[in-house]
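Reader: I'm new to this one. Please walk me through it in short steps.

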Amino acid sequence: MTVDGTSSSYALASVGVTAEMDITSGSSVFTPYGLLAYTTRSSDAYSVETAFAGMDPMLTPVDARDDTWVDLGLGVETILSQTNGRETRIGGEYRGAFFSEDYESHSVRLFVEMTF
C-alpha cells in the first residue's frame with residue numbers, strides 16, 4: 001500500500017485559571033499549584049491519496065477532529081538549593097484531560113531542574 005504525503009493543521013484554544021501558593025515548613029518552602037482550563041480543538045476534513053500495489057489510486061477521507069475537554073493539573077515543587085544565581089528545584093505533577101468524547105490524556109512527571 002502506498003500513501004501520499006499529507007499534512008494538516010488545526011486550531012487549539014484554551015482558557016483557564018492557574019493558582020499557586022507558597023507554604024513554609026521550617027527552612028523549606030513548598031509551592032503547590034494547580035490549573036483548570038477549558039480547551040477546544042478544531043480541524044477540517046481532508047482526503048489522502050492511497051493505492052494498493054498494481055491498483056488505481058483512490059482518495060481516503062480523513063474526518064475533521066473537533067472536540068472539547070477540560071485540562072486539569074496538580075503539582076508541588078520546592079527549591080533544594082539556591083546560591084550565586086544557581087538553583088536546584090525538584091517536584092512532581094499530574095496533568096490530565098477529561099470530559100471529551102474522543103480524547104483523553106494523563107501524565108505524571110517527576111523532575112529535577114537546575115539553573116546555572
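Author: Start with one term. A residue is buried under 20% relative accessible area, exposed over 50%, and partly exposed in between, using a 1.4 Å probe and protein chains only.

Reader: What kind of model is it, and how are residues numbered?

Author: This is a predicted model, with residues numbered from 1 along each chain as its sequence is written. Local features need pLDDT of at least 70 and side-chain atom pairs pLDDT 80 or more, while totals for chains, interfaces and linings use all residues; side-chain values use heavy atoms, leaving out hydrogens and water.

Reader: Good. Is Gly54 buried or exposed?

Author: Gly54 is exposed, because its relative accessible area is 88%.

Reader: Where does Gly54 sit?

Author: Gly54 is in the loop between β5 and β6. Strands here are DSSP runs of E, at least two residues long, and helices are runs of H or I, at least four; both are numbered from the N terminus. The hairpin of β5 and β6 has 6 residues between its strands, and Gly54 has a positive phi near 85 degrees there.

Reader: Which sheet do those strands belong to?

Author: An open sheet of 3 strands, ordered β1-β5-β6, with antiparallel pairing. Two strands pair if DSSP finds at least two bridges between them.

Reader: Which strands are at the edges?

Author: β1 (2-3) and β6 (58-62). Each has a single partner strand, so one side of each lacks a neighbour in the sheet.

Reader: How many bridges join β5 and β6?

Author: There are 5, in the antiparallel sense, and β5 covers residues 46-51. Val48 has Thr60 in β6 as its bridge partner. Thr50 is bridged to Met58 in β6.

Reader: And side chains along a strand? Where do they point?

Author: In a regular strand they alternate between the two faces of the sheet.

Reader: How far apart are Gly54 and Val3?

Author: They are 51 residues apart in sequence and 14 Å apart in space, C-alpha to C-alpha.

Reader: New topic. Which residues other than glycine have a positive phi?

Author: Asn84 is one of them, with phi near 50 degrees. Phe99 has a positive phi of about 65 degrees. Most residues other than glycine have a negative phi.

Reader: Where are Asn84 and Phe99?

Author: Asn84 is in the loop between β7 (67-83) and β8. Phe99 is in the loop between β8 and β9 (105-115). Asn84 is exposed, at 81% relative accessible area. Phe99 is exposed too, at 72%.

Reader: Now charges. How many salt bridges are there in the whole structure?

Author: The search finds 4. A salt bridge needs a side-chain nitrogen of Lys or Arg within 4 Å of a carboxyl oxygen of Asp or Glu.

Reader: Which residue does Arg89 meet in one?

Author: Glu77, at 2.5 Å, N to O. Glu77 lies in β7 and Arg89 in β8, so the pair ties together parts 12 residues apart in sequence. Both Glu77 and Arg89 are buried.

Reader: What else does Arg89 touch?

Author: Leaving out residues up to four places away in sequence, its contacts include Ile79, Leu80, Phe111 and Val112. Contact means heavy atoms within 4.5 Å. Arg89 is in β8, residues 86-98.

Reader: Which salt bridges does Glu93 form?

Author: Glu93 forms one with Arg95, the closest N and O atoms being 3.6 Å apart. Glu93 forms another with Arg109, at 3.3 Å. That pair links distant parts of the chain, 16 residues apart: Glu93 in β8, Arg109 in β9. Salt bridges that share partners also join Glu77, Glu87 and Arg89 into one network.

Reader: Is Glu93 buried or exposed?

Author: Glu93 is buried, because its relative accessibility is 12%. Arg95 is partly exposed at 37%, and Arg109 is partly exposed at 36%.
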